[in-house]
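Here are some notes to read alongside the structure, in the order I would look at things.

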Amino acid sequence: MKTDNLHQVISIRNLTDSAYVVRMSRRGLQFRAGQHILLGKAGSIHNREYSVYSGENDDFFEVLIKEVDEGLVSKQLKKLKPGEMVQIEGPLGFFTIPAELVNSAKFLFIGTGTGIAPFHSFVKSYPQIDYRLLHGVRFGNEAYDKMDYDAKRHILCTSGDKTGNYHGRVTKWLKENEVSPDTHCYLCGNFNMIHEAFEILEKKGVPPSNVHAEVYF
Amino acid sequence: MKKIAFKTLGCRLNQYETDALASRFHAGSYEVVDFDEQADVYVVNTCTVTNQSDQKSRQTIHQARRRNNDALVVVTGCMANNYKESLLESKSINYVVDNERKSAIYSIIEEHYRGQVPDPEGFDADVFSYETATKTFHTRSMIKIQDGCDNFCTFCIIPKVRGRAVSRPKNEILDNIRQVLGHGFREVVLTGVNIGRYDSEGTNFEQLVESILELPGDFRLRISSIEPDGFSNRFLELFDHPKLTPHLHLCLQSGSEAVLLRMRRMYTAREFRQIAETLRSRYPNFNLTTDIIVGFPGESDDEFAQTVQMAKELRFSHIHTFKYSVRSGTRAERMPAQVSEKIKNQRSEIIRKIAIESKIAYFNSMLGSTQRMLVERITDSHTARGYGEHYIPIRIENAAHLSRNQFVNVRLESIYMAEEPEVIATIID
Ligand SMILES: Cc1cc2nc3c(=O)[nH]c(=O)nc-3n(C[C@H](O)[C@H](O)[C@H](O)COP(=O)(O)OP(=O)(O)OC[C@H]3O[C@@H](n4cnc5c(N)ncnc54)[C@H](O)[C@@H]3O)c2cc1C
């Protein structure tokens with residue numbers, strides 16, 4: 001068995017009944033914020049894509065996972081214990097911010113559920129970044145690691161209760177609020193949200209080249 | 001002298017690799033014969049991109065075995081990566097060589113004939129160590145610049161069988177092109193799995209193309225299949241250069257934004273349209289060809305109608321239609337709402353009809369114009385056949401005085417209707 005892609009689990013941190021953060025040894029593996037890895041239990045033939053949750057300069061790797069009903073890998077990984085091994089392929093993907101834009105452009109990050117993961121990595125990697133983050137969840141307790149974001153930049157949209165900053169889906173917020181066409185928009189998570197958000201942003205005059213999407217399912 | 005025969009399935013990259021192997025065997029005193037003939041060695045360079053390609057690959061392996069029960073049958077290509085274990089168990093096959101070690105097939109066969117028992121896994125993995133194909137089946141010289149893909153489209157098995165994206169160093173590519181030009185080739189075709197993502201030591205795809213165009217000599221450069229992501233507008237401007245042929249095979253896959261998102265394609269239909277419009281406004285006759293997948297999981301009638309609309313609107317001169325087929329281990333395999341074969345067949349037929357109509361319309365629009373044709377072969381009945389810079393297939397009757405691999409200026413006169421239509425031309429100088 002290949003061993004150069006094996007990483008040790010450091011901790012499992014439960015954020016809700018179903019969402020958890022796996023912290024793993026980094027072993028020097030480089031990545032760019034926004035990229036994902038293929039993660040599975042060591043020795044298993046099954047793996048899945050997970051966005052890297054931690055920052056580029058952290059000395060560990062983290063991913064934020066939601067256990068999916070009827071899901072295979074998200075259930076297996078939830079049972080991991082510190083000290084156990086996982087295998088990582090990657091990093092992969094192009095859902096990244098070009099270096100020349102990081103400190104000069106303004107960004108709108110829109111994520112549903114665990115689709116907030118790459119934005120967590122952006123914010124940790126680039127502390128100076130000028131962003132607004134729209135996080136869409138059903139209930140307020142799913143505002144994963146809310147304290148890691150600047151409260152003035154973080155807009156929690158809750159569709160199932162009124163505990164967020166905004167009651168309703170992120171797409172509803174988007175329709176009702178201004179987005180200037182020079183904003184770089186990053187959309188991540190559920191396909192339906194991304195599809196709808198694309199159309200709304202187009203109507204607001206944001207050119208397609210400024211809209212980037214990472215579809216989870 | 002031992003006889004060796006090759007059969008290539010699938011993409012241009014496979015074709016390039018077969019050409020390079022054939023050339024190596026030819027230089028090593030093997031006689032390269034047609035696959036239909038009796039040979040001592042058969043090399044089947046397989047494809048696994050759809051169920052159909054799996055089936056064809058298996059049939060070809062059995063054909064090889066039936067042709068000569070004593071022959072060595074070597075199976076390589078993407079099926080060798082995807083189904084290694086089951087192929088190794090097959091009695092019809094002597095050696096299974098994965099993509100990474102394909103270039104070692106010559107050494108494997110040589111060891112075999114020296115009475116050793118070579119283990120293909122024991123050879124070094126190197127996806128670029130092919131020799132320059134001097135003796136090829138084509139007048140176009142394919143140059144491999146890249147291998148593998150990191151896009152991970154949800155339907156696609158390629159990242160699994162070709163691995164992560166790797167780019168060949170620019171200097172090696174330029175040396176290779178100088179060599180083939182020295183051997184007399186007049187057309188260079190860039191190949192790879194996802195060439196627009198070329199990235200080697202700070203050189204990106206557009207910069208590589210610019211460097212190639214600066215090479216001296218009477219040749220032209222063709223970009224083969226490319227994904228509509230990864231390159232910038234600067235690339236589109238390079239078509240101003242007279243050596244760069246005004247043709248792109250730009251893979252659309254679907255005209256529906258929703259389907260493209262579910263496929264995890266890295267561009268939108270709007271962006272695709274924009275690229276086509278930019279090209280056509282700068283170069284009105286620009287030839288666009290494409291691939292379309294019909295019946296992707298969940299593809300609704302409306303979503304398919306958007307593909308139909310785009311196929312009509314963008315006037316592709318050729319559309320390669322694929323019926324979606326489930327590839328094990330891909331995300332799309334786990335998607336709900338798989339589309340029935342019946343609907344896939346219907347949709348494929350609709351696209352096929354549009355493809356023929358738009359091919360004829362494109363050819364018609366080019367009649368009366370001139371092309372620089374590269375003669376690829378002269379048939380027994382003295383018809384010269386080849387392609388113009390726009391990648392239009394051209395035929396010239398009574399052309400016994402022409403020779404293979406010659407550039408000739410022609411005027412396009414009329415359409416030659418056949419299963420694969422061509423354009424009849426006359427020589428103008
Ligand atoms: C590039 C990329 C990055 C990703 N990053 C993350 C991440 O950071 N965190 C994360 O939790 N997931 C992420 N995912 C989704 C993840 O890869 C898995 O699909 C998810 O964990 C379910 O896997 P499973 O094996 O448990 O379920 P499977 O057995 O694969 O699927 C079971 C069913 O659940 C559906 N499903 C898949 N994901 C979800 C979901 N999140 N919510 C509801 N239903 C779902 C599937 O469509 C399927 O029908 C990402 C996906 C991609 C493509």
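1. Start with the ligand's polar contacts (N or O atoms within 3.5 Å of each other; within protein, one must be able to donate a hydrogen and the other to accept it, and residues adjacent in sequence count only if both atoms are side-chain atoms). One of the ligand's nitrogen atoms sits 3.2 Å from a polar backbone atom of A:S51. Of the 900 Å² of accessible area that the ligand has on its own, the protein covers 85% (Shrake-Rupley method, 1.4 Å probe; for residues, only the protein chains shown count as cover).

2. A word on what you are looking at: this is a predicted model, where local features need pLDDT of at least 70 and side-chain atom pairs count only at pLDDT 80 or more, while totals for chains, interfaces and linings use all residues. Residues are numbered from 1 along each chain as its sequence is written, chains are lettered from A and ligands numbered from 1 in the order in which they are written, and side-chain values use heavy atoms, leaving out hydrogens and water.

3. Where does the ligand lie? It lies between chains A and B. The shell around it has 22 residues, the closest being A:E49, A:Y50, A:L64, A:S74 and B:R331 (near means a heavy atom within 4 Å). By class, ten residues of this shell are nonpolar, five polar and seven charged (Ala, Val, Leu, Ile, Met, Phe, Trp, Tyr, Cys and Pro count as nonpolar; Asp, Glu, Lys and Arg as charged; the others, Gly among them, as polar). β4(A) gives the most to the shell, with four residues. Helices (H or I, at least four residues) and strands (E, at least two) are DSSP runs, numbered from the N terminus.

4. Next, have a look at helix α5 of chain A, residues 191-203. Its 13 residues reach 19 Å from first C-alpha to last, close to the 18 Å expected at 1.5 Å a residue (the expected span is 1.5 Å times one less than the number of residues). A:N190 caps the N-terminal end, with a side-chain oxygen 2.8 Å from the backbone nitrogen of A:N192. After the helix comes A:G205, with a positive phi near 90°.

5. Which residues of α5(A) are buried? They are A:F191, A:M193, A:I194, A:A197, A:F198, A:I200 and A:L201 (buried is under 20% relative accessible area, exposed over 50%, partly exposed in between; 1.4 Å probe, protein chains only). Their cover includes β12 of chain A, and also α10 and α11 of chain B.

6. Leaving aside neighbours within four places in sequence, B:I350 is in contact (heavy atoms within 4.5 Å) with B:F304 and B:V308. B:K359, also in α13, is buried, with a relative accessible area of 12%.

7. Finally, some backbone details. The peptide bond from A:G90 to A:P91 is cis, with omega near 5°. B:Q253 is not a glycine, yet has a positive phi of about 70°; this residue counts as buried because its relative accessibility is 6%.
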